[in-house]
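Please find below a colleague's note on the structure shown here. The points are numbered and may be read in any order.

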Amino acid sequence: MMEKRVAIIGAGISGLLACKHAASNGYNPIVFEAQDKVGGLWNQTNETTRLQNVKETFQFSDFAWPPYVEDVFPHNKQLLEYLQSYADKFELLRYIRFNSEVVSIEYVGVSDDEMLTWDLWGGGGGAFGSSAASNDGGKWNLKVFDTQNQTIKEYEAEFVVVCIGRFSGLANIPEFPPESGPEIFSGKVLHSMEYSAMDNASAAELIKGKQVAIIGSGKSAIDIAFECANANGNKNPCTVIQRTTHWMYTSSIAYLGFNRFSELMVHKPGEVLFSSMLATSLSPLRWAVSKMIESYLKYKLPLKKYDMIPKQSFFQEASSCQILFLPEKFYDKVEDKSIILKKSNKFISFCKEGLIIDGDENNPVKVDIVIFATGYKGEEKLKNLFSSPTFQTYIEGSPSSTIPLYRQMVHPRIPQLAIIGYSESLANLYTFEMRCKWLSFFLDGAFNLPSIKEMEKDIQEWDKYMKKYSGNGKFRRACIGGVHIYYNDQLCRDIGCNPRRKKGFFAELFQPYGPADYVGLAPGQV
């Protein structure tokens, strides 16, 4: 039998994990990476960017942070060094083809009409498919652009793992009516993606002595504002314009509640009746815990003074992965007016001198540079990867529902392909590693997927959960942050190992779960 070929798109965190686990199962994966080094989006971050997680919750289960990294929240350079060390330790570089951008993938060998007749994923429920026409199933053709030689080559694979992530590549820039957009502004306009792609010296030169306005309320907006404040002080203050404010933290308090007991307070996808009744009875406690954290943050930070108290609860924002790590002394910069925080309740438009907020033309925000920190079009980037219009429609799903992925990885009607880095959690490395462990056992034939109808039903249950608990209507982010232990339980049961990883009743109920709890997963493990 011909060796099954596994192609992996991207050599960021999820791509390295997918490569490591595929290789450890005896496959010879080929990894296509558009950049010239590993690390993915972490190669394009701001100078002050740090992890939003304490390092113990953001590390590989079989490769700890080196002892000399003493920071609780490591710097981006430290993380890149850590990822490079991981690639070196497990000899992953030999599988990676750098400067290789996958421009399209196409599934061939099985017609659309035949796929519509399948009751099981890929025809047989296994990783590599089985069609009526051929027991070998179909295969994927990948078109890969060599960014150095400016040529396109084609490759084939029986299984594709998409690890391109959602926070890079395709910038989301708001649209403006005629004569009110960037074209009438006399200064410079760019997206945070462009700013982050600059080397530190070029970025510092760009903002030095300039008045900068940042439109956005996410992590990039906060980090860039802090850099501008450090560079210019209150002589040239940086203005941050936000429509939606988020809960921000400066310590690990955000993770105090994320244990198995905290998840008993939440209605979970596909839960049994007793679990549902328990979640309902504990909902007042969930509200109280959220309010306790909010009260602490309002006590520690001058949120009320600057009208920065979010409308959504802390729990809702955590459940949609919208809580943010705040740079140390950020509000000191606000207090000394190096950073000016403004709210936009309706709309923003441009004028020659800068920006007009909510139609107040008499008081424009006069600036030299405007930076859009307005996120990315991750869904569109993922959709554009597929050549087939049918698969594009499948993966896009409906605007009123989440991206339809079973176990947040597999589309029921797109065979022999898994997507690792789209769905979010509050500790992505930890979650990506669990998914790659699950995928490695699936590739090895340890289990098959349920029927297509069963998978679609499960997806609907997760869709209901995300719509119920996500803050600001951000259910499309597909965040599992509020039920990450329950999610891991499902992966463990698929694999055939015990999801209860702690020793003792109280430890199981109240201790936080982390990467170390899932070392050595194997079918039949008790």
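**Notes on the predicted model**

1. Arg260 and Glu508 are both buried. The two residues form a salt bridge in this predicted model, and their closest N and O atoms are 2.6 Å apart. Because Arg260 lies in helix H7 (residues 260–264) and Glu508 in helix H16, the pair ties together parts that are 248 residues apart in sequence. In general, side chains of opposite charge can pair when their charged atoms come close.

2. Helix H16 covers residues 505–510, and Phe505 lies in it. Phe505 counts as exposed because its relative accessibility is 58%, where the cut-off for exposed is over 50%. Together with Phe506 and Phe510, Phe505 makes a nonpolar surface patch of about 380 Å².

3. The largest nonpolar core has 103 residues. Trp140, Leu142, Phe159 and Trp438 are the residues with the most contacts inside this core. Helix H13 (residues 428–443) gives the most to this core, contributing 10 residues. A second, separate core has 45 residues, among them Ala221, Ile224, Phe258 and Cys479.

4. Which residues does Leu142 touch, not counting residues up to four places away in sequence? Its contacts include Ala7, Ile9, Phe32, Val102 and Ile105. Lys153, Glu154, Tyr155, Glu156, Ala157 and Val160 are also among them.

5. Helix H2 runs over residues 76–89 and has 14 residues. From its first C-alpha to its last, H2 reaches 20 Å, close to the 20 Å expected at 1.5 Å a residue. The buried residues of H2 are Asn76, Gln78, Leu79, Tyr82, Leu83, Tyr86 and Ala87. An α-helix has 3.6 residues a turn, so residues three or four places apart point the same way. Helix H1 (13–24) is included in what covers the buried residues of H2.

6. Just after H2, Glu91 takes a positive phi of about 55 degrees, although Glu91 is not a glycine. Glu91 is found in the loop between H2 and strand S3 (96–97), and it is partly exposed, with a relative accessible area of 49%. Cys321 also has a positive phi, near 55 degrees, and is a residue other than glycine. Its place is the loop between helix H9 (314–319) and strand S12 (324–325). Cys321 counts as buried because its relative accessibility is 9%, the cut-off for buried being under 20%. For background, most residues other than glycine have a negative phi.

7. A search of the whole structure finds 22 salt bridges. One of these is formed by the side chains of Glu379 and Arg476, at 2.9 Å from N to O. This pair links distant parts of the chain, 97 residues apart: Glu379 is in helix H11 (residues 378–384), and Arg476 is in the loop between helix H14 (452–469) and helix H15 (484–495). Glu379 is partly exposed, with a relative accessible area of 30%, whereas Arg476 is buried at 13%.

8. Glu456 and Arg413 form a further salt bridge, with the closest N and O atoms 2.9 Å apart. Glu456 is in helix H14, and Arg413 is in the loop between helix H12 (389–396) and strand S18 (417–419); the pair thus links distant parts of the chain, 43 residues apart. Both partners are partly exposed, Glu456 at 27% relative accessibility and Arg413 with a relative accessible area of 25%. Elsewhere, salt bridges that share partners join Arg5, Lys139, Glu156 and Glu158 into one network.

9. Glu396 lies in helix H12 and counts as partly exposed, at 35% relative accessibility. Leaving aside neighbours within four places in sequence, Glu396 is in contact with Lys383, Ile403 and Arg476. The C-alpha atoms of Glu396 and Gly445 are separated by 29 Å, and these residues are 49 residues apart along the chain.

10. Asp199 is placed in the loop between helix H4 (192–197) and helix H5 (200–207), and it counts as partly exposed at 45% relative accessibility. Asp199 and Thr45 are 154 residues apart in sequence and 9.2 Å apart in space, C-alpha to C-alpha.

Definitions and conventions:
Residues numbered from 1 in each chain as written. Predicted model: local features only at pLDDT ≥ 70, side-chain atom pairs only at ≥ 80, totals over all residues. Heavy atoms only, no water. Patch = residues over 30% accessible without salt bridge, like charges linked within 9 Å, V, L, I, M, F, W, Y side chains within 5 Å. Areas by Shrake-Rupley, 256 points an atom, 1.4 Å probe, with all protein chains shown as cover. Salt bridge = Lys/Arg side-chain N within 4 Å of Asp/Glu carboxyl O. Helix = DSSP H or I, 4+ residues; strand = E, 2+ residues; numbered from the N terminus. Buried < 20%, exposed > 50% of the residue type's maximum accessible area, 1.4 Å probe, protein only. Core = buried A, V, L, I, M, F, W, Y, C linked by side-chain atoms within 4.5 Å. Contact = heavy atoms within 4.5 Å. Expected span 1.5 Å × (residues − 1).
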